Amino acid sequence: MEREGNYLKSPDLLPVTHQQRNIGTFGFAVIWIGMAIVLAAFAIGGSAIMSLPLPMVILATLIGSCLIGVFMTLIGDIGVEHGLSFPVYMRAPFGTFGTHIPSLVRGVTAACWFGLNTYFGALAINGILNLLFGYDNWFICFIVFAALQLFNTSLGIKSIERFADLAAPIIILISCWMYYTLADHAVAQGKNIWTWVETPTTGFAAFTAFMVVIMANMGFWSTLAADMPSLSRYFKAPKNERNWFKRNKTQLVGSLIVMPITNTFIVTIGAVCYMAVASADPINALQQSASGFILGILLLMIVLAQWSTNTSANVIPAATIFSNIGGPKVPFWVGVVIAGIIGIIAQPWSLFDVLVNALLIIGGILTAIVGILFADYYLIRKRRVHVRALYELEGQFKYWNGFNLAGLIAWIIGGAVANVFSTYSSLVGFFVGAFVYYVLAKYWWFKKYPQAELEDPSDAKYLGITAGHNLDELFGQHQVPVPTEDDIIEHPDPVLEVKGAD
């Protein structure tokens, strides 16, 4: 089938070939260091320390980070094995048109996170300019900072990795500096940072507070767990490697080692921040506890962290989703612009105060999608995917007018039940979504709409790099050329790099 006239075959959404995968274990680790330092983590720490001592906050954060890290790595194998992005694979459990509904929820959420992180980065930039030049206009800083991040993302995944390489060591050093600055400020007030609690809780109330911290951490990162394939499809992985752990080494190191450590450290800083100045807003805290050159350097860390997080965790997923919805007329760079516009009009300056409660709601909704993806990919298809059919208008994934009702029903039930049990929202969403989808799809939907990889479960036909497959073989065409670094320097066209990346 020709690509012309087929909106499912937008060039930016075709599978990433083996040659186009250029992010290794170290590269993903430094990307994670930048992504994990976000204002939501500070907010979780500041909220948690009101009712739990710091050691319990740290333990709950580690548990939540590791659990969601497992989800990320499991779902990320879709990108590693088949080179598929999140919205494209979602055509399997939701249908060629149904994919747009949950994908749009994720895309808008990512765009709102972009706006929120940009707002705090802009406040930090405004603080730096105020120190240096007496300038004070955070909204202008917000617009300029948003534009710089969007341009950086439109240049493609390699430019984001380069930025992370620069930002990561600076962020690590300044985070340590920030922790000690705030801890000293808290100790000067006579507070023991390891035992101080604003309103101590005991018994079941303490357990509930502990679970809220776990679920809040899972809820925040559930956005990335759902669409990890959009990032993991760029990870280097060996061909013909059947060992799941070896094939996903990059993910395992990044999502189960680097992310939990970095995320826990930032949540800890948020908790100490609240002890120091009774606020989890790090910019407000820094302005109260530091001054001069030291304050400027600490604010710079906030800027770099928000930039690094936004490009990898928010703008790329959102832009990929909007490109999928719009088809070839909405290339990746246009999706980037759409994400930026949504992030701005969401008025992120009004979102911070309701962040933790929002994370519990978002977590349940999105981890239900993660559960559905897990059931579809591992339990039903056994990792075998008819990739060519994902790009066919009349193929097996058209289902009923483009909708897979098993996926939509499972998502509604999973998200609803998760929010009834909001203290355990992310876990409930995952398991209910997975169970309901498995039952409906296996015993009802796929009886009506047969799936080729289930009728003929051939590894050679339907596995990806495990079977040595590549884009050229799937579509019978030459792969999209990958620009070299010299190409990017000589022709700094965002579209050029994006086509190479996707």
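Reply: Buried means under 20% relative accessible area, exposed over 50%, and partly exposed in between (1.4 Å probe, protein chains only). The model is predicted, so local features need pLDDT of at least 70 and side-chain atom pairs count only at pLDDT 80 or more, while totals for chains, interfaces and linings use all residues. Residues are numbered from 1 along each chain as its sequence is written, and side-chain values use heavy atoms, with hydrogens and water left out.

A salt bridge is a side-chain nitrogen of Lys or Arg within 4 Å of a carboxyl oxygen of Asp or Glu; the structure holds 10 of them. In one of these, arginine 247 pairs with aspartate 77, with 3.2 Å between the closest N and O atoms. Arginine 247 lies in helix 11 (residues 244-247) and aspartate 77 in helix 3 (residues 54-82), so the pair ties together parts 170 residues apart in sequence. Helices here are DSSP runs (H or I, at least four residues), numbered from the N terminus. Aspartate 77 has 0% relative accessibility and therefore counts as buried; arginine 247, at 2%, counts as buried too.

Arginine 247 also forms a salt bridge with glutamate 81 (3.1 Å, N to O). Glutamate 81 is in helix 3, 166 residues from arginine 247 in helix 11, and both residues are buried.

Elsewhere, arginine 384 and aspartate 459 form a salt bridge at 2.7 Å, N to O. Arginine 384 counts as buried at 16% relative accessibility, whereas aspartate 459 is partly exposed at 27%. Through shared partners, salt bridges join Asp77, Glu81, Arg247 and Arg383 into one network.

Notes:
Helix = DSSP H or I, 4+ residues; strand = E, 2+ residues; numbered from the N terminus.
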